[in-house]
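Subject: Two-chain model, handover and notes

Hello,

Please find the structure below, with the sequence alongside. My notes follow it.

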Amino acid sequence: MRRLLPLIAFVALAVLLFAGVRMNSGKDTSAIPSPLLGKPTPAFSLPVLGDPQRRVGNADLRGRPYLLNVWGSWCPTCRDEHPHITALAKSGKVRVIGYDYKDTPEDAQAWLGQFGNPYEFIVADEDGRAALDWGIYGAPESFLVDANGVVVWKHVGAIDDTVIREQIEPKLMQMGAAR
Amino acid sequence: MRRALLAIVLLALSALAAAQVLQFRDEAEEARFRALTTELRCVMCQNQSLADSNAPIAKDLRAEVLRLMREGKSDDEIKQYLVERYTEFVLYKPQVEPTTWLLWFGPALVVLVGAGVIAGIVRRKAKQAPDAPPPLDSQEW
């Protein structure tokens with residue numbers, strides 16, 4: 001028995017490390033969880049792309065849940081994501097609002113001209129100052145906000161059909177039930 | 001000669017460009033800024049500190065840190081500001097709280113357990129020792 005002790009200790013350590021690796025595999029460990037989950041959206045007021053006179057803030061978005069999709073014309077992954085965002089917006093399951101992050105209006109409009117504009121409207125954050133309050137650190141990122149203005153879900157990286165089916169739709173169902 | 005001149009001009013230009021990114025009022029401010037940003041982790045490239053990273057978000061956050069410093073915020077308040085937005089990921093030194101107790105005190109715990117084991121062995125050996133050394137063939141190791 002005493003002779004086996006080192007072997008037992010080694011196997012126990014191996015099992016522990018293997019479990020640790022398994023628990024994190026397939027997960028994007030570089031994605032930072034949002035501290036905003038379960039909290040109201042940060043106070044913001046941003047101009048609307050293509051209509052800079054009009055500004056949108058938290059209060060304007062109350063009443064119905066929405067998906068805030070952070071993108072930029074400089075962001076290659078956003079192109080891959082765009083068809084899925086377009087499909088989600090067309091499905092009418094949720095309002096989809098764009099957040100143009102660190103971009104110029106000209107580049108953004110050219111990009112939308114090329115790939116289509118599925119957004120109800122787009123808020124433009126040219127210098128990325130308001131994005132700091134949202135905890136945004138890149139694009140694409142997406143937030144799901146409920147009718148009361150509480151952030152219920154955040155996704156870092158591209159949204160695809162699997163994310164829509166397995167994460168967004170169940171959240172929308174829950175919100176529907178809660179109302 | 002021409003090339004040397006060009007090199008000097010380019011060097012001067014790049015130094016100017018770097019200086020334009022952030023202007024410090026004095027050396028104390030710069031030292032405090034450097035100390036603070038090396039303790040903060042860049043959210044984009046997580047193996048770099050905020051001071052070292054070239055990611056656009058790191059640039060924005062450095063500007064934000066300097067702005068908060070000039071507003072008279074303390075280092076702790078600035079850290080708290082970033083934690084509220086980007087979670088404790090941004091801290092290289094996590095705060096001491098129930099979820100990080102194991103992280104902070106785990107090593108001390110391991111040392112204590114080890115010390116306990118060694119003390120046990122020493123005591124047992126000491127009990128055996130006064131009589132006579134055990135015969136060689138009874139030793140396993």
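How many residues does the contact take from chain B and from chain A? It takes 13 residues from chain B and twelve from chain A, where two residues are in contact if their C-beta atoms, placed from the backbone, lie within 7 Å.

Before the details, some conventions. This is a predicted model, in which local features need a pLDDT of at least 70 and side-chain atom pairs count only at pLDDT 80 or more, while totals for chains, interfaces and linings use all residues. Residues are numbered from 1 along each chain as its sequence is written, and chains are lettered from A and ligands numbered from 1 in the order in which they are written.

The interface

On the side of chain B that touches chain A, the elements giving two or more residues are α3 (56-70) and α4 (75-86) of chain B. Helices (H or I, at least four residues) and strands (E, at least two) are DSSP runs, numbered from the N terminus. The largest share of that side, four residues, comes from α3(B). By class, the side of chain B that touches chain A has six nonpolar, two polar and five charged residues. Here Ala, Val, Leu, Ile, Met, Phe, Trp, Tyr, Cys and Pro count as nonpolar, Asp, Glu, Lys and Arg as charged, and the others, Gly among them, as polar. For the complex, the predictor gives an ipTM of 0.78 and a pTM of 0.76.

Chain A

Chain A has five helices and seven strands, in the order α-β-β-β-α-β-α-β-α-β-β-α. Its radius of gyration is 20 Å, well over the 16 Å that the globule rule gives for 179 residues, so chain A is more spread out than a compact globule. The radius is taken over C-alpha atoms, and the rule is 2.2 Å times the number of residues to the power 0.38. The C-alpha trace of chain A spans about 80 × 40 × 30 Å along its principal axes. Of the 179 residues, 32% count as buried. A residue is buried if 20 or more other C-beta atoms lie within 10 Å of its own, exposed if 12 or fewer, and partly exposed in between, with C-beta atoms placed from the backbone. Among contacts in chain A between residues at least 6 apart in sequence, 75% join residues at least 24 apart.

The largest nonpolar core has 49 residues, and those with the most contacts inside it are A:Leu68, A:Val70, A:Val96, A:Tyr101 and B:Val43. Such a core is a set of buried Ala, Val, Leu, Ile, Met, Phe, Trp, Tyr and Cys residues joined through C-beta atoms within 7 Å. Leaving out residues up to four places away in sequence, A:Leu68 touches A:Ile97, A:Tyr99, A:Ser142, A:Phe143 and A:Val145.

A:Ser142 has A:His155 in β7(A) as its bridge partner. Strands β6 (residues 141-145) and β7 (residues 151-156) of chain A run antiparallel and are joined by five bridges; two strands pair if DSSP finds at least two bridges between them. They form a hairpin with five residues between them, and A:Gly149 in the turn has a positive phi of about 80°. A cis peptide bond, with omega about -5°, joins A:Ala139 and A:Pro140. A:Pro140 lies in the loop between α4 (129-134) and β6 of chain A.

Two other loop residues of chain A are worth a look. A:Lys102 sits in the loop between β4 (95-101) and α3 (105-115) of chain A. Its phi is near 50°, a positive value in a residue other than glycine. A:Lys102 counts as buried because it has 22 C-beta neighbours inside 10 Å. A:Ser73, in the loop between β3 (66-71) and α2 (76-91) of chain A, is also buried, with 22 other C-beta atoms within 10 Å. Beyond its neighbours within four places in sequence, the contacts of A:Ser73 are A:Asp103, A:Asp107, A:Ala108, A:Ala110 and A:Trp111.

Chain B

Chain B has five helices and zero strands. Buried residues make up 13% of its 141 residues. Of the contacts in chain B with a separation of 6 or more, 36% are between residues 24 or more positions apart. B:Thr87, in the loop between α4 and α5 (101-128) of chain B, has a positive phi near 60°.

Chain B averages a pLDDT (the predictor's confidence in each residue, from 0 to 100) of 82, and 76% of the residues score at least 70. Over residues 13-20 of chain B, pLDDT stays under 50, and the model has zero contacts beyond four places in sequence for them. Where pLDDT is low, the predicted coordinates should not be read in detail.

Regards
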